[in-house]
Amino acid sequence: MNPLSLSRRLLSGFCAAVRLTVFGLCLISCVASRQFKQEQMLSPKREFRGAWIQTVFQDDYRNLTPAAFRSLMEERLDRLRACGLNAILFQVRPEADAFYRSPYEPWSRFLTGRQGVPPGEPDFDPMAFLIDACHRRNMEFHAWLNPYRAGTTGFGEFAASHVLHRHPEWFVRYNGQTLFDPGVPACRFFICRVVEDIVSRYDVDAIHMDDYFYPYPVAGQEFPDDRSFECYGRSNGYKPGERDKWRRENVNQLIWMLRQTIRDTNPRVRLGISPFGIYRNEGKGRKGSRTGGLQNYDDLYADVLLWMKKGWIDYCAPQLYWEIGHSQADYETLIRWWSEQKSKTSLYIGQDVARTMKAGQLKEKMRQSRMEKRVQGNIFWPANELLWNNGGIADSLKRLYHRYPALIPACAGQPGRKPDRIRRLRVEQTVRGHVLRWDVGASHQGQLDEPVYFVIYRFRKGEKVNIERSKAIYAITRQPFCPIPDGNVSFRYAVTAVDRSHNESKARKISVGK
């Protein structure tokens, strides 16, 4: 064989070996990428995991001493945290009343047994306590308010300090309830004052409102807003046949005013809405879903898509309480419909625990909520079902779906930049063992990018440092230190800082052990 032929054969063999090697590396990379995506599906690093704690019609808190209230809620928050939750939505205003010290509204009867009667301890403030208790567990606290409800069905024993006595012209009665009339502009200003008070005095993470805007319609009963329509609708150019349009604009005005109030008072606080699960049925308009139930747009006068499009709300959590395969409101149809709506508003899914567990659909619903790209988490209704472990849901969350902790997704609608990296990461020996400790610059204090909590990741020797893996999270803390185990095993730790909007800094790394 001549030298030229031999060179060609050697070159051809070398090229084939290179191609095979490149193919093998690509295959390994694809497999690794697929495994990482599957891991992210099973245990996403970022996911909103909340639960609603209702107070209306609940006897759990009524007449408890402040000490008993604290003890009960400490125990419940521990159990909810053990289920992997990172947010609590607590109903602090069920009937234009308060589970906190309000200058505008009376103490709630669901706390003390009678509206307007204060707790036994002069300085006791349930909401202030709950905010601190949640933050100590690195859980968000969302103050849940019902905007228009002033009295549930049949209730009439209003405290002397209730706003109804000062402004009876603001209120109407419908289906046995006492409600603010959404058509009266003064009602909107009053509700905004209530919210302004909360976000200026309390360290809440969000103001939250659910699906009670205009009340659920009752057959044969018209909502009694003739007087306000004549006074504020007709005078502003609305024709007799445009009452629905006027009602929607009344609610739009409230949401816009709430957005402005929060931004002007405390821009670090978010605004979230949990609407009824159906925006509009397909037969009613081009934006509708293939459903056949009650509608936000036409029945509750809540134009949720407009609020999302305009950026008036930071997150939307539609209540998809139905089963997969429901004839009028199929869960799968609705979660896909909401996920297809183009908006920067964060999207979480409201899950009905009892109906889900009765139908045996937790696995599939969790899979679908994580499969839809726009969906960033779930809120479980109500928290009591998790505490009761209905159908074993608490066990399933701990063992499978919330096995590893998750950070709340970063809030796209809030301004600010990522926090700076922590400084001087070090290991210190204390009387209680080894501690990771770090410094945080003081320049961020009071700013939007001020670090609020820290995430500690841990990797074994030789393991790739990848802080996008939830299973690598060793601890989450609001303190600038973290105890670590003693021993001869070598670990590499990475620590990041996270701000109020859940933007995460770059990691600072350190090796510990032999």
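Contact means heavy atoms within 4.5 Å. This is a predicted model in which local features need pLDDT of at least 70, side-chain atom pairs count only at pLDDT 80 or more, and totals for chains, interfaces and linings use all residues. Residues are numbered from 1 along each chain as its sequence is written, and side-chain values use heavy atoms, with hydrogens and water left out.

Q: Among contacts in the protein between residues at least 6 apart in sequence, what percentage join residues at least 24 apart?
A: The count covers contacts between residues at least 6 apart in sequence. Of these, the share joining residues at least 24 apart is 71%.

Q: What percentage of the 514 residues in the protein is buried?
A: Buried means under 20% relative accessible area, with a 1.4 Å probe and protein chains only. Of the 514 residues, the buried share is 54%.

Q: Are α13 and α15 oblique or roughly parallel to each other?
A: Helix α13 spans residues 362-371 and helix α15 residues 393-401, and their axes lie 12 Å apart at an angle of about 45 degrees. Angles under 35 degrees count as roughly parallel, over 145 as roughly antiparallel, 65 to 115 as roughly perpendicular and the rest as oblique. The two helices, α13 and α15, are therefore oblique.

Q: Which residues of α15 make the contact with α13?
A: On the α13 side, the contact is made by Leu-362, Lys-363, Met-366 and Arg-370. Across from them, the residues of α15 are Ile-393, Ser-396 and Tyr-401.

Q: How many helices and strands are in the protein?
A: Helices are DSSP runs (H or I, at least four residues), as are strands (E, at least two), numbered from the N terminus. The protein has 15 helices and 18 strands.

Notes
Axes are lines fitted to C-alpha atoms, for helices over the stretch in contact, and angles run from 0 to 180 degrees between N-to-C directions. Buried means under 20% relative accessible area, exposed over 50%, partly exposed in between (1.4 Å probe, protein chains only).
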